[in-house]
Amino acid sequence: METVHPHLKRIELGNVNAFLWTGEGGPTLIDTGYPWTFAQLIDQLNAAGIQPADLQRIIITHADLDHIGGLKGLTELSDAAIACHTVEAIYVTGGQLKPFRGVKGKLMTIPVRVAERVYKPRVAQVQELLLEKETTPEGFTIWHTPGHSPGHIVLHHKEAGLLILGDALVYINGKLDLPPRVFTPNMEQAIESLAKLKKLQFETACFGHGPCITESADATIHAFIDKLAGGERG
Ligand SMILES: [Zn+2]
């Protein structure tokens, strides 16, 4: 577990991250890892001095299995409100996201659907439906960034200088990148959504996949978005 800010910890769960906010309005968990990393998630919460029952809120950036995997299990240990973008709620509560892209994507969709059936990560209800520019009790402003999923959100904490990107971008092997094409049903929209991040200032960027960027992250991310707009990528 890594402290990325006095009020924010990164919890690594296999190749995906969840985040624990312990500042104002919290404790709040952002994303929940895979179904099979649930025990690790609970261990890491405990190591941070948090019991699932202490959680005020669980915010979901998007309804992919690697982000909602621990959700169902948490509801059995906690009365935390589940929050996600209003468009994503249907997928958190049982609706199936579009199959992944291309032949390879469709093949990968099959084991994901099987895992979803075996682990039943989806919940009956989402208590808080978030909208663009809404500010949560923790002080995060919601930015709707569709593309990787229809109701994908990015969370910006202005005072803390934090941006939690979900899978709007990934940071793997020291390299900033778009989310994998195969898992992104609408890449054009995902790229368009990034324009919203250009207005935001933040020192630290936290990704669903990969380590955080902890210094001048806004400059790095803005430069990446400019490069995309400049057509340097295909
Ligand atoms: Zn992911």
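Select Y34, W36 and Y119, which together form one aromatic cluster; rings of Phe, Tyr and Trp (its six-membered ring) are paired here if their centres lie within 6.5 Å, with planes under 30 degrees apart counted as stacked, over 60 as edge-to-face and the rest as tilted. This is a predicted model, in which local features need pLDDT of at least 70 and side-chain atom pairs count only at pLDDT 80 or more, while totals for chains, interfaces and linings use all residues. Residues are numbered from 1 along each chain as its sequence is written, and side-chain values use heavy atoms, with hydrogens and water left out.

Y34, at 16% relative accessibility, counts as buried, whereas W36, at 45%, counts as partly exposed; buried means under 20% relative accessible area, exposed over 50% and partly exposed in between, with a 1.4 Å probe and protein chains only.

The structure holds five aromatic pairs, and one of them, W21 with F140, is the next selection: this pair is edge-to-face, at 5.2 Å centre to centre and 70° between the planes. W21 lies in strand β3 (residues 16-21) and F140 in the loop between β7 (128-130) and β8 (141-144), so the pair ties together parts that are 119 residues apart in sequence. Helices (H or I, at least four residues) and strands (E, at least two) are DSSP runs, numbered from the N terminus. W21 counts as buried at 2% relative accessibility, and F140 counts as buried at 0%.

Now select the zinc ion, whose protein donors are D66 (OD), H67 (NE2), D167 (OD) and H209 (NE2), at 2.1 to 2.3 Å from it. Donors are N, O and S atoms within 2.8 Å of the metal (3.2 Å for Na, K and Ca), and water is not among the atoms, so sites may look incomplete. Along the chain, the spacing of the donors is D-H-x99-D-x41-H. D66 lies in helix α2 (residues 65-68) and H209 in the loop between β13 (204-206) and α7 (217-229), so this pair ties together parts that are 143 residues apart in sequence. Both D66 and H209 are buried.

A pocket is an open set of points on a 1 Å grid over the protein atoms alone, where a 1.4 Å probe fits and protein lies on both sides within 12 Å along at least five of seven lines; lining residues have an atom within 4 Å of a point. Grid points are joined across faces, edges and corners, and a volume is the space filled by probe spheres set on the points. Of the 25 lining residues, Y34, D64, D66, F183 and H209 lie nearest the centre of this pocket. The elements giving two or more residues to its lining are α2, α5 (102-119) and β11 (170-172), and α5 gives the most, with six residues.

For the second largest pocket, with about 160 Å³ of space, select K98, G147, S149, P150 and P185, the closest to its centre among the 13 residues that line it.

Finally, return to helix α5 and select T109, which has its place there. T109 counts as buried at 8% relative accessibility, and T109 and T75 are 26 Å apart in space, C-alpha to C-alpha, and 34 residues apart in sequence.
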